[in-house]
Amino acid sequence: MTSAEQKTLLLVEDEPIVAIAEKKTLASFGYNVITVNTGESAIETVDRSDPAIDLVLMDIDLGDGMDGTEAASEILSRHDLPLVFLSSHTEPEYVERTEGITSYGYVVKNSADTVLHASIKMAFRLFEAKRTASEKEEQLERYFTSSLDLLCISDTEGRVVRLNPQWETVLGYSVDELTGRSLLELLHHDDREATREALSRVAQQQELQSFENRYRCKNGEYRRLEWRARPVANLVYAVARDITERKRAEHQLRTSEEFQKALIESSPLPVIGLDTQRCVTTWNAAAEEVFGWRAEEVIGRSLPYYPADGAHDEYAPVLDSLINGTRVAGREVVRKTKSGELRDVRLWLSPIRDSNGVILGSVGTVQDITDELRRRSELSAEKTRFETLFNQAPMPIVLTDEQRRVVLCNEAFAHLFGYSCHEAQDRCLDDMVLPPEADPQQESVSLRALRSGGVVHHEGTRRRKDGSCLEVAVSCLSMTIGSARYVYAIYNDISAHKAVERALRERETLLERAQQVVQIGIWELPVASNRLIWSDEVYRIFGLEPQQGSMSYEAYLDLVHPQDRQEVDAAYRDSIRKNQDEYRIEYRIIRAESDEVRHVIETCTHQRDLDGTITRSVGIVQDITELRSAEQALQDSETMFREIAEHSFDAITIVDFDGYYLYSNPAEGFLVAANPDDLAGQKAFDYIDPEDRAEIRQMFEEFRRGERTEGRGVCRVVCSGGGRAWTDYRATVLHDDDGNPSKVLVIDRDITEFKNKEEQIASYVQQQELLLKESHHRIKNHMATISGLLLYHREELQDRKAREVLMDTASRAQSMMMLYDKLYRAEQYDSLNIRDYLTPLVQETVCLNDPSGTVTATIRADDIHLNASRVAPLGMLLTEMITNSIKHAFPNTADAGIVIRISREERAIRLEYADNGVGFSDSVDDRRDRGFGLELIEMLAEQIAGTLTLHREHGTRYVIEFPA
């Protein structure tokens, strides 16, 4: 294993020798191992470790202080890392203590090394899998909360289960206010019946598409929503979009169209519209009056009137110029009426274009100038007639000279700008109508018309007499009367039209942004052109850069997954062939930029002409890849839960706060001696012993109020046949999607057999205590025998080194013998008085190592009680210190002495050991020169969680402080 791959493990083990062995084993597998012996130091090491800890191996019994389960809980509350329990205990109660803390593993000590290594690798894999699943859940939640559409999950009665925050933005109610309520309460009265019918269809597992209704906002106004809904079992997953503004725009558009139609019909001049095939599309009442044909006789047909004899081709160039995009202004031609009368007419025609600039046709006015031409020689009469027509014209018209002074204006012009015709006379037109912020250096429309000698069109802002502004379209025509040049200008108030255009552009921008957020694109396909027109978001969904123009239907099919391509093509072509109104299909695509496979859903609606023939297809496409992945993950999770629950030996139930069963596995039915299917709808409290029922009810009420989220205990269960069973239960509150407590998960383990044997166990424990006391006595006798044998053989040996080894071993055995002697005589086996134990131990150890009595030992100990697990290393530690002093500290000292002081401080116990010997040499600082005795002293001090300080002035002095 390379250093880059090396994982760092934290081994928490209070037994030094065991820790050394386990660290060596783990290092052989390539791990970097850090060891500590207490829960507190484990927490501190994880908090401050560099490099970071990758996994924790935690012992359960760690002596005094925090045990392994407490330390594990504290570590996992601060850090997200795998933690495996490593313990010698196999009892159920020890295993159960770890189940609620971590799910990464429980390894029994002394298992095979391969088992330990496999458990660690499994913990790493499980940790990585959990982290990946958590990231996916966070992504789905972010999509739900950030969607600009209104997302809703409800039951089939319309009651809300979950909403996204966009509801508060649109309706003004908070999500908490609407959760649990029926949305039918907010419906407009006129929409309730249709909505109930739609919900009824959804309850029958039918999908709902493009359904509209109105909802009351918190401020009292109503918003119109467009719905799409899909039922899944007993829930309804729905998406709504606020279409209030779109509906208002459509209404305004219809109003505008009606206004234009009324304006055309009321026009005193014939208004005629043509398509590109020269067929009539518009024919007003004035046209009927001038030419004699009624509208129903000409709409949809070629122009009915014919030119005069010999002039058949003079109108064709006019129509050709319109088709080419050239406006026709004031063209004079001769036309024949229905009665055969010849009329002189003047044409004003302009091409009509769509949003892409394609010419769709033309529209304009026809002025009958027969009488005008007939009396052209009569200049005076002609002038009077012109002025009359000029003043009565519905369009604002003004005539100016070369200095832009008003020569003549009509009433419509005077009304539009708030002046009387008399006030406007001889005034500079620009001074009257140009707004103050207009650029004085900019050339006026009148001057441009004079300079060009033709027609100049302009749109801009103009000022009324009262200072208010409006937007106008101006058409200026330069004309010469006699020797003077004039400009003839027609104004059209387009303020309302421009406002509608700006609103439409803003809505188009908002629609494009909305498409990006929810990954929904819009497309259309004119059947005749076979060219797809895509919104920018459709290009993004398919992995292409947004572009202007269109793409072929075949190029689009190339982006569809090969396995779905035939089905997608058939869906569209069959809908055309079968004359369907719409179709919906879900398929896969391969993104052009990355070859990534994505899931999309497409809905198409066909538009028809007056004959009912499909002429255009319009649709939306949405990327649902993440939704499909989330649905699959949810389904896998539910399947896993049911598989575990159905095969569990423990009884698993889900109940509401009133105690009614919502789910029960087969083990629950076996526990209460009932069929699990029959438990649905029954009250679980009825199966609890009356003496325990009040406590369980109280716990559930605390769950309901949110005062607690977990509960554990023991209770009795009443079986269907009248019997009783003991269970060890664990109850956990489950929350809904909004984080509110909703129900309770209960896991029961049958401990009846355990309870029945509890009394036998109590009796057995009493017998074991007697056996333990006798064992302590026998062990003490055996240790005395071993000590005696060691001393006996010591006397027979001549080798000084061997005699010292036997003496050291006898001293350590003497320490253990005295411990077991105290345990045998003590009433409490887990607590010993240090003074009663250490005083005779020190005296015996000194006598054993100094038979001549040249060394004196003084001990001063407070009345302190410790358990046997801490007293034993303390006794061995003092034995080792005394032995080392007698062997090495007093080679020539006549008044050799040892002083031992044990006292209780505020939060610790302090042991001071001092001799007046020769002290340690400087080489003792080098660990290689330290003997086994000093190393053993350090290990024993660490075992009792103590800090060891060595002083070498005036002899040797140890100070050890360890927790009280």
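Okay, quick definition before we start: an axis here is a line fitted to the C-alpha atoms, for helices over the stretch in contact, and the angle runs from 0 to 180 degrees between N-to-C directions. Bear in mind that this is a predicted model.

So, two helices to look at. H30 covers residues 834-849 and H31 covers 868-888; they pack at about 30 degrees, with the axes 10 Å apart. Angles under 35 degrees count as roughly parallel, so H30 is roughly parallel to H31. And the crossing of H30 past H31 is right-handed.

Who's touching whom? On the H30 side you've got Ile834, Tyr837, Leu838, Leu841, Val842, Thr845, Val846 and Asn849. H31 brings Val871, Leu874, Gly875, Leu878, Thr879, Ile882, Thr883 and Ile886. Sort the residues of that contact and you get eleven nonpolar, five polar and no charged.

Now, the core. The largest nonpolar core has 36 residues, and Ile900 and Ile902 are the ones with the most contacts inside it. Which element gives the most? That's H31, with seven residues.

Let's zoom in on Ile900. Skipping neighbours within four places in sequence, Ile900 is in contact with Val842, Leu878 and Ile882, and also with Thr858, Ile859, Arg860, Leu911, Glu912 and Tyr913.

One last thing: there's another core apart from this one, with 27 residues, including Val160, Trp167, Leu178 and Leu199. Okay, over to you folks.

Conventions: Residues numbered from 1 in each chain as written. Predicted model: local features only at pLDDT ≥ 70, side-chain atom pairs only at ≥ 80, totals over all residues. Heavy atoms only, no water. Helix = DSSP H or I, 4+ residues; strand = E, 2+ residues; numbered from the N terminus. Parallel < 35°, antiparallel > 145°, perpendicular 65-115°, else oblique. Left-handed = near helix turned anticlockwise from the far one by under 90°. Contact = heavy atoms within 4.5 Å. Nonpolar A, V, L, I, M, F, W, Y, C, P; charged D, E, K, R; others polar. Core = buried A, V, L, I, M, F, W, Y, C linked by side-chain atoms within 4.5 Å. Buried < 20%, exposed > 50% of the residue type's maximum accessible area, 1.4 Å probe, protein only.
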